[in-house]
Amino acid sequence: MTARDKFSVIIRRAWADRLTLRSGPAPNELYASLHPDFLGSLPDICEMIVRSFHARFVTLIPVDERADRNSFRVYYVFSIAREDLFLILEAPVNPRHMELPSITAHIEAASYFEREMNDWFGITAFPNIHRLASHPDWPDEVHPMLKDFDLRTAVPRVRGTFDFRPVEGEGVFEIPVGPVHAGIIEPGHFRFSVAGEPIINLDMQLHYTHKGTEKLAEGRRPAHVVFLAERISGDSAFAHAVAYCACIERIACMEIPQRAIVIRTILLEMERLSNHIGDVGAILLDVGYAVGAATAFHLKEQLLRLNEILTGHRLLHGMARLGGVTRPIEDTVAKRDTIRSTLSDVRRTFDALIEWVLSTSSVLDRLETTGILTQKDALQLGAVGVAARASGVDRDLRRDHPHLAYPFLEHRAVVQKGGDVFARFKVRVDEVAMSIEIILQLLGQHSGEALAAPPAVLPASTCALGYVEGWRGEIVHWVMTDAAGNIGRWKITDPSFHNWRALSLAVRGNIVPDFPVINKSFNLSYSGNDR
Amino acid sequence: MDSPNGMEKQLVTAAIWIVQLVAVLALPPLVNGIIRKSKARLQNRVGPPLSQSYSDLFKLFRKEALVSATTSWIFRAAPYVVFTTTLLVATLMPMFSPYPPLGWMSDFILLVYLLGLGRFFLALSALDAGSSFGGLGSSREMTIASLVEPAMILSIFATAASAGSLNLNAIASSVSPSISSLLNPSQILAFAGLFIVTLAETGRIPVDNPATHLELTMIHEAMILEYSGRHLALIEWASQIKLLIFFSLLGNLFIPTGIAASVSLVDFVTGIAIYLVKIGGLAVVVALVESTNAKLRLFRVPDLLMVAFTLSLLSLVLRFLIR
């Protein structure tokens, strides 16, 4: 009996009158459709799913299905890790009311998703009504993700002010920072309320880099959208591309050649390596330890050059394609030797660097106890990836929902308890060692010749999730095809979208000059968050 | 020490004064360049050429100075006040000659408060533009200044106590250039105290990071964010001169070798050469300290300054005990 069958039985027994079950093309997805008459019980059902199935809220996907079903539908995706099952609850939304009950009271992690849905679709998860994605100068009644919103529409700007949470009291000041920052980081506005140096509250306004990526994909041929997926977040180009490809492959039930699986896994770990080592350097730079930072950046450069030698692109663009990969990276002895020697160089220098950093008390003093994200907050906000694992939340899609070559590898998640900058630093350090291990292990495998499965025609109106554990955290995509088998709806969930709130909690009570290093230890993507 | 008289003495003094003036204007960018170059080499980078700081100043002087419409005269006056007070202090310092021009004016307390005047105007000007970073910078600078000053004064007092004078030239010439005076525990403690003070006063790691782009962590840099063009050039130049002032204090009060014993040309040139070596050496030491330490958490800076204060106090106590 598969996990899907088992849960079907349980759900039918509990909510036969309210939920209608169906399964998607992917074997680990179970869809449960909520009867419109029972919309009011949505929050309770969600809570029951989380509590009694030990499930975790993953993402929320609003879809404009007025053309087919004359209604909107909102998909709540839950992960049941120990059974490798995704339970997807569908709630219908009447286009005349455009309202459904908020589940935020029970599942805090859904809050930003509901607010974004309100901005982009006009579907209000009552009473969670504050703006998130639309800026104050955006008119109330314009919702760009609706199917009848033309991308070329010139939207008039209105007057409005950013409504951050005011903090009042003697000696409380506001420090506005951004949206344009020093250096070459992305735009985002931060509003600190401080009493002297300690931060009382941090509010942010993001979505300055919104590019309408999800909307741009609609109506396009699936193979063309890989190009868009590589541009969701520059530092996770390959991970996003693979997550997108996985959606299409699961919809079409493609059989991915073993060799493509191995290459994808190697490249994902390469992406993790260069980014983690770069982050270690950036954290050291932010505490003013330039010598350590220079060493780490040198290593990152070596890895990016290795990427270029193997794939022709430093950030691995153009490697992912539907059904597999575009070219081999391990086809000659020379290439395999280059990978091995570069990685052993990197490992040796990186180990020396870390040993040296760990014996420099002035660095440790800056990292330890700075920016603590408690385990409770991490769980409640649904933090993912490095930030979650550093706060003692054992969460890693590579193990929870094994994909690519991970089921064949002995994979354990790297977990630290501290929740401070040092814990996030340590998680990265340990994952670097693990990534090198994984790549070397996979490099020795002989796995056939084929690089990609033959192209397939996609069935109409079918949906599936695609996911990978990117270096920052879980990347979850969801695609629904339209009547012609093209992209009907594409939902991108970047780990940053979960973690920005965790950051604003982690900085509370810290002093202003420590914010940059706390921020860097999360290293969240603006572009991936804003899409 | 043979002392020339009358007209001859005045001529020599004038000549020395001109040499010292040229030196305190021309040398600081080079010292800054040495620190930058050494730090770059320690990071395995090629680094900018030694002349980079001159080019930077030259570039800034040629650029337009933008002034926010919300500022008052203080904002425009501050760069000149900062530059003038710093330059004045530098010309009063003992550097490489036994007859510093205006030597009778080089009273230590005066010098400390001349620097304080510059700092006061800089902090005011940072508040003047009304940007939040300026306010942050001023408040941090003043907090640190209030802790640095006692440590600085005590460490100099320790050396002044044996000279029996607060005149820096008198102190410098009273310390005998012998091994025993170099190894005097009181001297060593005072040197350590003043070295920490130097790092704090001139905005080096571990107190401040002169190379950062992160506005939220800045102290000195946050105060001057609003400045541009010749205003910025003057302030940058003044901070480089300030570094030279502290290096001169460290070099001449504690390692007094090299201050020319007579006005002969040979002694004078030797004095300059030894002075340059001392300053260069200190620049490399600062680069080493900056490279092997992370910046301190802001609230730990007082701890470090307490250490400087304690060292100076101990030095002063030892001075009387050992005598």
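# A guided tour of a two-chain model

Begin in chain B by selecting P206(B), which lies in the loop between α8 (185-201) and α9 (220-223) of chain B. The peptide bond that joins I205(B) and P206(B) is cis, with an omega of about 10 degrees. Please keep in mind from this first stop onward that the whole model is predicted.

**Chain B as a whole**

Along its principal axes the C-alpha trace of chain B spans about 60 × 45 × 40 Å. A compact globule with 323 residues would have a radius of gyration near 20 Å, and because chain B has 20 Å, the two agree.

The pLDDT of chain B averages 87, and 92% of the residues score at least 70. Within chain B, confidence is highest in helix α2 (residues 52-62), at 95, and lowest in helix α7 (residues 179-182), at a mean of 69. Where pLDDT is low, the predicted coordinates should not be read in detail. For the model, the scores are ipTM 0.87 and pTM 0.91.

**Helix α5 of chain B and its partners**

Select α5 (132-163) of chain B together with helix α4 (residues 108-128) of chain B, and you will find the two packed at an angle of about 175 degrees, with their axes 10 Å apart. Because that angle is over 145 degrees, α4(B) is roughly antiparallel to α5(B). On the α4(B) side the contact is made by F108(B), V112(B), R119(B), A123(B), A126(B) and L127(B), while the residues from α5(B) include G134(B), M142(B), I153(B) and A160(B). The residues of this contact divide into eleven nonpolar, four polar and three charged.

Among the residues that make the contact are I144(B), L147(B), L154(B) and F157(B) of α5(B), and L305(B), F309(B), L313(B) and R319(B) of α12(B). By class, the contact of α5(B) with α12(B) has 16 nonpolar, four polar and one charged residues.

**Where the chains meet**

Next, show both chains and look at where they touch: 25 residues of chain B are in contact with 25 residues of chain A. On the side of chain B that touches chain A, the elements that give two or more residues are α1 (6-42) and α5 (132-163) of chain B, and the residues of that side divide into eleven nonpolar, eight polar and six charged.

**Across into chain A**

Turn now to chain A, which has 18 helices and 15 strands. The radius of gyration of chain A is 23 Å, close to the 24 Å that the globule rule gives for 531 residues, so chain A is as compact as a globular protein of that length. The C-alpha trace of chain A spans about 70 × 65 × 45 Å along its principal axes.

Select helix α8 (residues 258-286) and helix α9 (residues 290-311) of chain A, whose axes come within 7 Å and cross at roughly 160 degrees. That angle makes α8(A) roughly antiparallel to α9(A), and their crossing is left-handed. The residues that make the contact include M270(A), L273(A), I277(A) and L284(A) of α8(A), as well as A293(A), F297(A), K300(A) and L303(A) of α9(A). By class, this contact has 13 nonpolar, five polar and one charged residues.

From α9 of chain A, move on to L316(A), which lies in the loop between α9 and β11 (320-321) of chain A. Phi of L316(A) is near 65 degrees, a positive value in a residue other than glycine.

For the last stop, select P127(A), whose place is in the loop between β7 (124-126) and β8 (172-177) of chain A. As at the proline where the tour began, the peptide bond here deserves a look: from F126(A) to P127(A) the bond is cis, with omega near 5 degrees.

How values were computed. Residues are numbered from 1 along each chain as its sequence is written. Chains are lettered from A and ligands numbered from 1 in the order in which they are written. This is a predicted model: local features need pLDDT of at least 70, side-chain atom pairs count only at pLDDT 80 or more; totals for chains, interfaces and linings use all residues. Two residues are in contact if their C-beta atoms, placed from the backbone, lie within 7 Å. Helices (H or I, at least four residues) and strands (E, at least two) are DSSP runs, numbered from the N terminus. Ala, Val, Leu, Ile, Met, Phe, Trp, Tyr, Cys and Pro count as nonpolar, Asp, Glu, Lys and Arg as charged, and the others, Gly among them, as polar. Axes are lines fitted to C-alpha atoms, for helices over the stretch in contact, and angles run from 0 to 180 degrees between N-to-C directions. Angles under 35 degrees count as roughly parallel, over 145 as roughly antiparallel, 65 to 115 as roughly perpendicular and the rest as oblique. A crossing is left-handed if the near helix is turned anticlockwise from the far one by less than a right angle, and right-handed if clockwise. pLDDT is the predictor's confidence in each residue, from 0 to 100. The radius of gyration is taken over C-alpha atoms; the globule rule is 2.2 Å times the number of residues to the power 0.38.
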